Amino acid sequence: MDRDEEPLSARPALETESLRFLHVTVGSLLASYGWYILFSCILLYIVIQRLSLRLRALRQRQLDQAETVLEPDVVVKRQEALAAARLRMQEDLNAQVEKHKEKLRQLEEEKRRQKIEMWDSMQEGRSYKRNSGRPQEEDGPGPSTSSVIPKGKSDKKPLRGGGYNPLTGEGGGTCSWRPGRRGPSSGG
């Protein structure tokens with residue numbers, strides 16, 4: 001006990017020398033590699049946290065699987081719910097198929113009706129082409145072909161100017177094609 005009460009200067013020189021050596025060694029190590037040690041510790045902490053979360057999740061899954069095996073009622077309920085959901089989806093799909101078939105029937109009926117109208121109009125001597133924008137007009141008892149006015153060209157803007165000719169090489173911009181040199185090939 002009396003040795004613990006002695007002041008620091010009274011301790012043996014070997015003990016104070018080893019403490020100084022330890023202080024200098026640890027101080028120089030921290031001064032040189034302190035940041036690396038700090039970041040390594042942080043990284044180690046993060047890795048340990050992630051691994052512990054994964055281990056917990058794995059244990060939970062194993063416990064859930066064990067409970068599922070032990071409780072057949074839960075398995076039966078899940079299978080019944082799955083079968084009911086499949087049945088509902090199949091019924092929805094069947095309803096969509098019926099709607100689609102009905103639309104196809106209506107389209108077929110419309111096409112058949114148009115063919116009948118076309119045949120009737122051909123029998124009467126009218127044009128069988130219908131304009132989709134406006135209905136066909138009947139002028140009277142018989143259509144007259146002399147009153148048909150031919151359509152002129154529409155007032156559409158041309159894509160290029162009137163003076164453009166790709167064969168002349170003018171007006172096409174900075175790019176122009178030039179033929180290669182005539183003469184013997186340079187191969188030997």
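Glu109 and Arg112 form a salt bridge, with their closest N and O atoms 2.5 Å apart; the term means a side-chain nitrogen of Lys or Arg within 4 Å of a carboxyl oxygen of Asp or Glu. This is a predicted model, in which local features need pLDDT of at least 70 and side-chain atom pairs count only at pLDDT 80 or more, while totals for chains, interfaces and linings use all residues. Residues are numbered from 1 along each chain as its sequence is written, and side-chain values use heavy atoms, leaving out hydrogens and water.

Glu109 and Arg112 sit three residues apart in helix 2 (residues 72-124), so about one helical turn separates them. Helices are DSSP runs of H or I with at least four residues, strands are runs of E with at least two, and both are numbered from the N terminus.

The whole structure holds four salt bridges, including these:

| Pair | Closest N and O atoms |
|---|---|
| Glu109 and Arg112 | 2.5 Å |
| Glu110 and Arg113 | 2.4 Å |
| Glu117 and Arg113 | 2.4 Å |

Which residues are linked in a network of salt bridges? They are Glu110, Arg113 and Glu117. Glu117 and Arg113 lie four residues apart in helix 2, about one turn.

How exposed is Glu109? Glu109 has a relative accessible area of 41%, so it is partly exposed, a class between buried (under 20%) and exposed (over 50%), with a 1.4 Å probe and protein chains only. Arg112 is partly exposed too, at 43%.
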